[in-house]
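This note sets out some points for a colleague who is new to the structure.

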Amino acid sequence: VEAARILDEATNEANEVRLGSMLYTKDMLSNIDNFISSTLEAERANFSLLIEALQNDKDVIKTNVDEIDNQIKEFTGEAAREEEERMARYAESVAAAEEQLNAVNTGDVYNEEAYIDEDTSELVSNVESTDEGYYSDGFLDE
């Protein structure tokens with residue numbers, strides 16, 4: 001009987017020590033989890049700010065490079081050449097469009113009567129397109 005009581009007391013004390021160690025471990029792990037979570041959030045914010053700052057620096061650098069590039073073009077006369085080339089291409093496209101318009105207005109495009117209606121600005125023609133060629137009045141023009 002005395003042995004059973006001593007054994008029960010020893011078992012109860014062992015269970016209390018075991019429970020205490022588990023509660024202590026849980027408490028320490030919770031503290032570590034809180035520390036890691038707060039560190040993670042702080043570093044995430046720092047990283048986000050770093051990314052934003054680097055992107056701003058990159059944008060400023062690109063603006064500076066573009067500005068220097070324009071100054072180089074002005075200094076070497078490249079900007080004037082580019083403008084002259086652009087104007088020449090524009091003049092060529094206008095001339096080609098006028099030539100096409102004149103050809104349409106005189107009926108020379110498909111040897112048919114075609115013209116631009118001045119009231120509606122639409123092409124008026126009896127020429128229709130097919131996969132095989134162009135025809136008017138039902139006959140295929142080769």
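1. Salt bridges. A salt bridge is a side-chain nitrogen of Lys or Arg within 4 Å of a carboxyl oxygen of Asp or Glu; by this rule the count comes to 6. The model is predicted: local features need pLDDT of at least 70 and side-chain atom pairs count only at pLDDT 80 or more, while totals for chains, interfaces and linings use all residues. Residues are numbered from 1 along each chain as its sequence is written, and side-chain values use heavy atoms, with hydrogens and water left out.

2. The network of E2, R5 and E9. These three residues are linked in a network of salt bridges. E2 pairs with R5, with the closest N and O atoms 2.2 Å apart. R5 also meets E9 in a salt bridge, at 2.7 Å from N to O.

3. Helices (H or I, at least four residues) and strands (E, at least two) are DSSP runs, numbered from the N terminus. E2 and R5 both lie in helix α1, 3 residues apart, about one turn of the helix. R5 and E9 both lie in helix α1 as well, 4 residues apart, again about one turn.

4. Buried means under 20% relative accessible area, exposed over 50%, and partly exposed in between (1.4 Å probe, protein chains only). E2 counts as partly exposed because its relative accessible area is 45%. R5 is partly exposed at 39%, and E9 is partly exposed at 41%.

5. A further pair in helix α1. The side chains of D66 and K62 form a salt bridge of 3.0 Å, N to O. Both residues lie in helix α1, 4 residues apart, about one turn of the helix. D66 is partly exposed, with a relative accessible area of 37%.

6. The nonpolar patch. L29, I32, F35 and I36 make a nonpolar surface patch of about 430 Å². Patches are made of residues with over 30% relative accessible area and no salt bridge; like charges are joined within 9 Å, and nonpolar side chains (Val, Leu, Ile, Met, Phe, Trp, Tyr) within 5 Å. L29 is found in helix α1, which covers residues 2-76. L29 counts as exposed because its relative accessible area is 53%.

7. The negative patch. D69, E78, E84 and E85 form a negative surface patch. Lys and Arg count as positive and Asp and Glu as negative, whereas His and the chain ends are not counted; the place of a charge is taken as NZ of Lys, CZ of Arg, CG of Asp or CD of Glu. Helix α2 (residues 78-106) gives the most to this patch, with 3 residues. E84 is found in helix α2 and is exposed, at a relative accessible area of 56%.

8. The chain as a whole. The chain has 2 helices and 5 strands, and from the N terminus on the elements run α-α-β-β-β-β-β. Of its 142 residues, 5% count as buried. Among contacts (heavy atoms within 4.5 Å) between residues at least 6 apart in sequence, 7% join residues at least 24 apart.

9. Accessible surface. The accessible surface of the chain comes to about 12,500 Å², of which 55% belongs to carbon and sulfur atoms. Accessible areas come from the Shrake-Rupley method with a 1.4 Å probe; for residues, only the protein chains shown count as cover.
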